Amino acid sequence: MPTNLLRIRNCRVHLRAALCIVALFAASCGGESTDGAATTIYSGTCAESTGEEIAVYSGRSENLIEPVLDAFSCETGVDVNVRYADSTDLALLLAEEGDRTQADVFLSRSPGPIGFLESQSLLGEIDAEVLDLVTGDNRSDAGSWIGFSGRKRVAVYNVDQVGAGELPDSVFELTDEAWRGRVALPATNGSFVDWFTVFRDQHGTDVATQWLDDMVANDARYYPNNRSIVEAAARGEIDLGLVNHYYNYQEQIAAGDDHRALNHDLANEDIGSLLIITAATVTSASDNPDEANELVAYLLSEPVQRYLTEETFEYPLAAGVQPASLLPPLAALEIGTVDFDALGGGFEETTEIIDVSGIANQ
Amino acid sequence: MTSKRAPWGLQVVGAVTAVAFAFPAAYLVYRNVTSGAERLTLLQSSRTLGPLWRTLQLSVLVSTSAAMLGVCLAWLTVRTDLPGRKFWRTVLPIPLVFPTFIGAAAFRRTLNPGGLANGVLEAVGLDGFELRGLFGAWLVLTLFTYPYVFLPVAARLLRMPGSLEESARVLGDTAPQAFRRIVLPQISGAAAAGTLLVFLYTISDFGAVQLMLYDTLTRAIETNYVARPAIAFALSLLLLALAMVVVAGERRFSGSGNVEVQARTLNPVSYTLGRLSLPASVAVMAAALMSVGAPMIAILDWATDGVLRATRDGRPLTIDTEKVVEASRNTLESSLLAALVAVIVVLPVAYLVGRYRGRIGTVSHAVVIATFAVPGILIALALRFWTLRAGFAGDLLLDTKALLIFAYVIRFGSLALGICLVAVQAVPSRLLDAASTLGAGRLRRLRTIELPLMAPGLLAAVGLVLLSTMKELPISLIIAPLGYRTLTTRIFGSFEEAFVAEAGIMAVILVAMSAVLSWLLILRKADHA
């Protein structure tokens with residue numbers, strides 16, 4: 001039937017037009033390419049492909065990690081295949097895949113998923129010379145994980161709603177009447193769970209639980225994650241929130257001058273100033289442990305450490321790289337980094353305590 | 001419709017489909033059996049019952065409001081002389097394509113204190129308005145899910161003969177009376193199927209309830225995955241059980257609607273709105289502004305902000321055109337394939353349930369529909385679990401696009417089934433009987449009678465699956481072959497690390513693409529088929 005044919009062709013023309021519009025739109029928005037970002041890490045000519053391939057599961061986001069992996073591939077000639085997703089989801093996937101996983105390297109945003117994988121014996125051992133790239137605080141004694149950047153807990157606040165004199169020195173001040181209904185907690189978020197687990201470790205479970213209950217009684221407000229708190233603080237929806245430090249720098253840089261939220265560092269000795277690391281691991285099932293170790297070492301190399309702090313404002317952990325200029329110096333921190341190994345089954349109990357506190361149900 | 005037994009070939013196909021769709025359920029059962037949680041204590045605990053109760057509350061509220069909104073919008077844009085109705089029919093399905101993590105964040109960005117449209121709310125006296133909790137989750141989910149009702153009902157209305165309505169009007173029924181007595185019974189099947197999907201979507205949703213700070217079962221599941229996996233799996237099974245109960249209940253009460261279509265209904269009754277034209281237009285516009293406009297404002301704001309910020313010495317844009325084009329192509333390819341395969345796969349089940357009696361049809365229908373309540377991440381994990389244990393077949397599928405499409409089909413096949421069922425039931429059996437008396441074979445009847453009559457329904461089904469797949473996140477992240485990126489996974493990758501401008505730009509592309517597709521597939525084809 002000719003009319004039918006005509007319609008089909010018509011439809012094709014439309015589809016092609018639609019694709020063109022999409023392509024044009026994308027093209028008109030194109031700015032610097034990620035290739036550009038990769039060249040800030042490695043600008044030499046690419047090595048010839050070695051034919052080696054490794055697979056990475058990355059809980060760190062694509063925009064951030066892709067340039068690093070591109071630079072690694074270019075410099076070493078090792079092909080890298082990546083799956084980006086939420087760290088928790090990737091940990092579940094790794095647990096499901098067990099010894100049949102394709103993944104050689106797993107990068108986690110927070111310690112929780114690492115602890116989970118360690119409890120299932122799914123993490124392999126990182127080479128000793130790679131482990132030596134960081135200080136003892138920032139790696140596992142058993143050699144199963146290594147930190148490659150640090151994120152500090154801070155209080156983010158709205159500059160129009162919180163006076164400079166009001167800013168607290170300790171998270172314990174936030175249970176005061178003066179802060180009723182003004183403070184936000186990302187209570188179920190991975191980094192908060194990690195932080196609270198260390199809180200329990202440092203001050204005892206009773207003190208930590210009491211603090212959380214007091215916060216709930218003081219009408220602390222729950223948000224699902226750090227980012228939504230920083231965004232809400234910038235809009236003035238909340239006055240202050242306990243979050244990881246770097247989100248606000250990112251938002252600030254993205255938003256330019258109109259940004260209304262600032263970071264406040266709690267006292268150095270306060271639990272609210274904890275440094276939590278993001279970690280790299282080699283899976284126990286890895287078929288290419290050499291290349292996997294090579295990649296982990298690459299994450300700790302000078303150009304990548306510099307890139308991580310300049311681009312996302314995280315704290316570098318190796319190669320003598322200094323933190324980006326807008327970051328307060330890290331040396332002032334008194335409290336050590338989270339010790340995953342010592343936490344043991346801590347996450348499970350922490351989740352239980354947070355659940356019971358009722359903070360997530362408002 | 002009839003009490004005939006289905007041909008055994010169809011029964012086998014139906015059974016195979018049921019088994020395929022039961023993969024996630026079987027996985028959940030296995031995980032529960034192998035984990036050692038004290039499930040009974042867990043189920044009695046108030047920390048389970050609380051979220052369960054909130055999930056139920058929210059689902060009932062959202063289904064009710066989405067059903068009303070969807071039916072009203074469909075009737076107004078199909079059966080009246082509403083100005084710009086074709087435009088509205090293109091725009092109104094768009095909320096399906098907003099990934100919830102972007103959509104809910106966009107709502108907050110637009111309406112909440114300090115937000116872009118919060119000034120408007122303050123001007124009308126809604127000072128200190130904040131979207132959160134039950135109200136926030138209800139509003140956002142209603143606005144995101146009414147297309148599940150709107151699309152099938154509109155497809156049904158397009159094919160409903162005007163003769164009965166005309167007779168009713170001639171005999172003195174007012175328009176509302178005619179609607180209640182004639183139209184409603186005809187569309188109730190489609191509306192019920194759509195409403196069921198809204199209900200199931202709501203119980204499976206995580207993105208919206210999380211951002212609206214409403215503590216439901218899915219949030220309890222999410223926080224427990226890594227810390228207490230046994231509890232997460234037990235709660236997931238509870239979620240699935242709830243879905244099965246609701247699906248079984250719906251089948252019992254809805255039965256087979258006595259629907260009828262005309263072979264050619266190119267000019268269905270069109271009501272003249274007259275004085276009501278203005279208020280109706282305002283209402284439709286308000287619905288579109290809330291459901292499409294509000295999130296779009298935020299997305300466009302992110303996008304334009306990014307384009308402009310280089311001038312305010314912000315971070316330069318990091319968008320790689322080539323990669324965005326590739327991701328767009330992948331999104332188009334995978335969602336089109338998933339939509340077509342989904343319709344083909346569920347059509348036999350629709351026939352089994354719509355035309356014949358038998359347990360296999362009932363069971364496979366229930367399994368396909370109830371699977372819609374399983375959160376995407378669990379479907380992804382389940383498929384990974386089974387492919388790793390499927391030996392040779394699993395090795396073939398592992399890390400292929402075929403597995404990705406299969407996962408999408410399992411996740412969204414339910415969306416197609418409801419509409420396909422209504423379409424199958426709407427083919428008058430006397431036409432088929434007549435054709436078969438005249439010696440037309442099964443294939444010929446399918447090609448010359450059934451497919452043309454079912455076309456608008458089938459295309460609506462394709463559209464629903466298509467738009468939903470385009471925004472799908474967890475399966476796209478976990479099951480896609482290594483290195484296979486879709487627009488949604490790129491948006492996620494940008495949004496997570498405050499590259500909101502990049503996320504905004506790609507979201508604009510996603511929405512533009514879906515608008516063009518829904519216009520091409522649903523509107524143009526449906527109107528001209």
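1. In this predicted model, B:Val346 touches B:Val368, B:Gly413, B:Ala416, B:Leu417 and B:Cys420, leaving aside residues up to four places away in sequence. B:Val346 is also one of the residues that touch the most other members of the largest nonpolar core, a set of 285 residues, and the others named with it are A:Val105, B:Ala407, B:Ala416, B:Cys420 and B:Val465. The largest share of this core, 18 residues, is contributed by helix α20 of chain B, which covers residues 401-425.

2. On the side of α11(B), the contact is made by B:Gly189, B:Ala190, B:Ala193, B:Gly194, B:Leu196 and B:Leu197, while α20(B) supplies B:Ser414, B:Leu415, B:Gly418, B:Ile419, B:Leu421, B:Val422 and B:Gln425.

3. Two further helices of chain B deserve a comment. Helix α2(B), residues 23-34, has 12 residues and should span 16 Å at 1.5 Å a residue, which agrees with the 16 Å between its end C-alpha atoms. The buried residues of α2(B) are B:Phe23, B:Pro24, B:Ala25, B:Tyr27, B:Leu28 and B:Arg31. In helix α22 of chain B, residues 442-471, one finds B:Thr448, which counts as exposed because it has 12 C-beta neighbours inside 10 Å. The C-alpha atom of B:Thr448 is separated by 9.7 Å from that of B:Ala435, a residue 13 positions away along the chain.

4. As for the chains as a whole, chain B has 25 helices and 0 strands, whereas chain A has 14 helices and 9 strands. Of the 529 residues of chain B, 55% count as buried, and in chain A buried residues make up 54% of 362. Among contacts with a separation of 6 or more, residues 24 or more positions apart account for 85% in chain B and for 78% in chain A.

5. The strands of chain A can be followed from β4(A), residues 146-158. All 13 of the 13 residues of β4(A) are buried, so this strand is largely enclosed by the rest of the structure. Which strands pair with β4(A) in the antiparallel sense? Strand β9(A), residues 275-282, is joined to β4(A) by 6 bridges and runs antiparallel to it, with A:Ala280 as the bridge partner of A:Ile146. Strand β7(A), residues 240-244, is joined to β4(A) by 5 bridges, again antiparallel, and here A:Arg153 stands opposite A:Asn244. Strand β8(A) pairs with β4(A) over 4 bridges, also in the antiparallel sense.

6. Strand β8(A), residues 261-264, has a covered face made of A:Ala261 and A:Asn263 and an uncovered one made of A:Leu262 and A:His264. In a regular strand the side chains alternate between the two faces of the sheet.

7. Helix α5 of chain A, residues 111-119, is mostly covered, with 8 of its 9 residues buried. The buried residues of α5(A) are A:Pro111, A:Gly112, A:Pro113, A:Ile114, A:Gly115, A:Phe116, A:Leu117 and A:Glu118. The helix is followed by A:Ser121, whose phi is positive, near 55 degrees.

8. Most residues other than glycine have a negative phi. A:Asp219, although not a glycine, has a positive phi of about 60 degrees, and A:Phe313, likewise not a glycine, has a positive phi of about 65 degrees. A:Asp219 is found in the loop between α8(A), residues 205-217, and β6(A), residues 221-222, while A:Phe313 lies in the loop between α12(A), residues 302-312, and α13(A), residues 340-343. Are these residues buried or exposed? A:Asp219 is exposed, because 12 other C-beta atoms lie within 10 Å, whereas A:Phe313 counts as buried, because it has 24 C-beta neighbours inside 10 Å.

Note on methods
Residues numbered from 1 in each chain as written. Chains lettered and ligands numbered in written order. Predicted model: local features only at pLDDT ≥ 70, side-chain atom pairs only at ≥ 80, totals over all residues. Helix = DSSP H or I, 4+ residues; strand = E, 2+ residues; numbered from the N terminus. Buried ≥ 20, exposed ≤ 12 C-beta atoms within 10 Å, placed from the backbone. Contact = placed C-beta atoms within 7 Å. Pairing = 2+ DSSP bridges. Expected span 1.5 Å × (residues − 1). Core = buried A, V, L, I, M, F, W, Y, C linked by C-beta atoms within 7 Å.
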